[in-house]
Amino acid sequence: MVYLNGEFMPIERAKISVLDRGFIFGDGVYEVIPVYSRRPFRLEEHLVRLRSSLEAIKIGNPHENAKWGELVGRIIAGNPWEDQNVYLQITRGVAKRDHAFPKGLKPTVFMMASELIPPTPELMETGAAAIVLPDFRWLRCDIKSTSLLGNCMLRTQAAEAGCAEAILVREGMLTEASASNVFIVRNGTVLAPPKSHLILPGITYDVVLEILRANAIAHEVRPVGESELRSAEEVWVTSSSREVLPITTLDGRPVGRGENAGKPGPVAKRVHDLYQQFKLSVMRAPVHA
Ligand code: PDD
């Protein structure tokens with residue numbers, strides 16, 4: 001079951017106009033909210049980010065958070081999986097084609113769910129492969145826009161190279177990956193690039209930083225150079241669907257040195273385990289309306 005403009009329906013019935021600015025211009029924003037045991041994880045934070053994406057492109061928020069919470073709850077209840085990705089998209093609406101934002105449109109609101117399948121234990125044992133590519137996307141990567149052509153091109157290049165992710169570098173500095181944030185470990189310290197207009201402020205990124213802080217794991221949020229990335233002891237990507245996924249080869253070369261080379265490192269394993277515990281504690285907490 002999906003939701004479109006006020007109605008719940010089977011996906012086959014959900015239809016939009018060809019003049020929808022989401023279709024014509026990619027003029028919209030989205031969120032992907034992970035759901036574990038039918039409970040949305042970090043819903044408030046996703047709704048805060050949704051609000052800032054909408055503000056950045058001047059679309060009025062169609063709903064208050066309480067209403068969004070109710071709609072997300074109904075989508076979860078209307079779909080068969082215990083663990084889901086709830087996808088939520090808002091476009092500016094339908095209008096005659098004209099680049100400048102028309103005023104007074106009714107935004108199109110669409111929501112669907114899919115099964116959330118986190119990385120398998122087997123993948124967590126081996127880690128995933130990534131390639132490093134120049135980040136040629138626009139300069140407002142902080143907006144969670146549906147205009148994802150750059151990200152799609154980069155991810156396709158990774159897939160064609162047999163890799164799970166493309167890790168991106170702009171002017172010699174690590175930004176993020178095509179659909180995830182990136183952390184590295186050097187000299188035992190976790191490093192993460194700071195939030196800026198060049199990366200998406202990941203909800204998982206924030207959870208990981210909270211976990212590092214709460215467990216006194218050495219970390220620094222600071223710009224990370226490409227050479228630091230390439231000589232890191234560990235590289236991980238984080239996102240709502242991939243959680244904390246170790247990257248064990250970069251451009252075909254093993255990440256790390258010595259006995260850990262090409263294998264998930266100890267810090268990644270620890271943070272992954274802490275992330276699982278954190279999820280469980282949230283799932284056990286009482287549900288708020
Ligand atoms: N992608 N950076 C980019 C470019 C992303 O597309 C994503 C998420 C992230 C991680 O954000 P979060 O931790 O809030 O999931 C970082 C989603 C899952 C997607 O497009 O499917």
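Because the model is predicted, local features need pLDDT of at least 70 and side-chain atom pairs count only at pLDDT 80 or more, whereas totals for chains, interfaces and linings use all residues. Residues are numbered from 1 along each chain as its sequence is written, and side-chain values use heavy atoms, with hydrogens and water left out.

A nonpolar core is here a set of buried Ala, Val, Leu, Ile, Met, Phe, Trp, Tyr and Cys residues joined through side-chain atoms within 4.5 Å, where buried means under 20% relative accessible area, exposed over 50%, and partly exposed in between, with a 1.4 Å probe and protein chains only. The largest such core has 23 residues, and those with the most contacts inside it are Leu-50, Trp-68, Ile-90 and Met-111. At least two residues of this core come from each of strand E3 (28–36), helix H2 (43–56), helix H3 (65–77), strand E5 (84–91) and strand E6 (108–115), and H3 gives the most, with five residues. Taking contact as heavy atoms within 4.5 Å, and not counting residues up to four places away in sequence, Ile-90 touches Gly-28, Val-29, Leu-50, Leu-54, Ile-59, Pro-62, Trp-68, Pro-107, Thr-108 and Val-109. Apart from this core lies another, of 22 residues, among them Val-190, Val-244, Val-267 and Met-283.

Val-267 and Met-283 are also among the buried residues of helix H8, together with Ala-268, Val-271, His-272, Leu-274, Tyr-275 and Lys-279. The expected span of a helix is 1.5 Å times one less than its number of residues; for the 19 residues of H8 (residues 266–284) this comes to 27 Å, which agrees with the 27 Å between its end C-alpha atoms.

The ligand is surrounded by 19 residues, of which the closest are Tyr-30, Arg-49, Glu-176, Thr-204 and Ser-240; a residue is near the ligand if one of its heavy atoms lies within 4 Å of it. An N or O atom in the side chain of Arg-49 is 2.8 Å from an oxygen atom of the ligand, while a polar side-chain atom of Glu-176 lies 2.7 Å from a nitrogen atom of the ligand. A polar backbone atom of Ile-203 is 2.9 Å from a ligand oxygen atom.

Two loop residues deserve a look. Ile-143, in the loop between strand E7 (128–134) and helix H5 (149–160), is buried, with a relative accessible area of 8%. Its C-alpha atom is 8.8 Å from that of Leu-50, although Ile-143 and Leu-50 are 93 residues apart in sequence. Ser-178 is found in the loop between strand E9 (173–177) and strand E10 (181–186), and counts as buried because its relative accessibility is 5%. Leaving aside neighbours within four places in sequence, Ser-178 is in contact with residues including Asn-151, Arg-155 and Glu-165.

By the rule that a disulfide is a pair of cysteine sulfur atoms within 2.5 Å, the count comes to zero. For Cys-152, the nearest cysteine sulfur is that of Cys-141, 13 Å away, and Cys-152 counts as partly exposed at 44% relative accessibility. Cys-163 is likewise in no disulfide, the nearest cysteine sulfur, that of Cys-152, being 17 Å away, and Cys-163 counts as buried at 13% relative accessibility.

Notes: Helix = DSSP H or I, 4+ residues; strand = E, 2+ residues; numbered from the N terminus. Polar contact = N/O pair within 3.5 Å; in protein donor to acceptor, adjacent residues only side chain to side chain.
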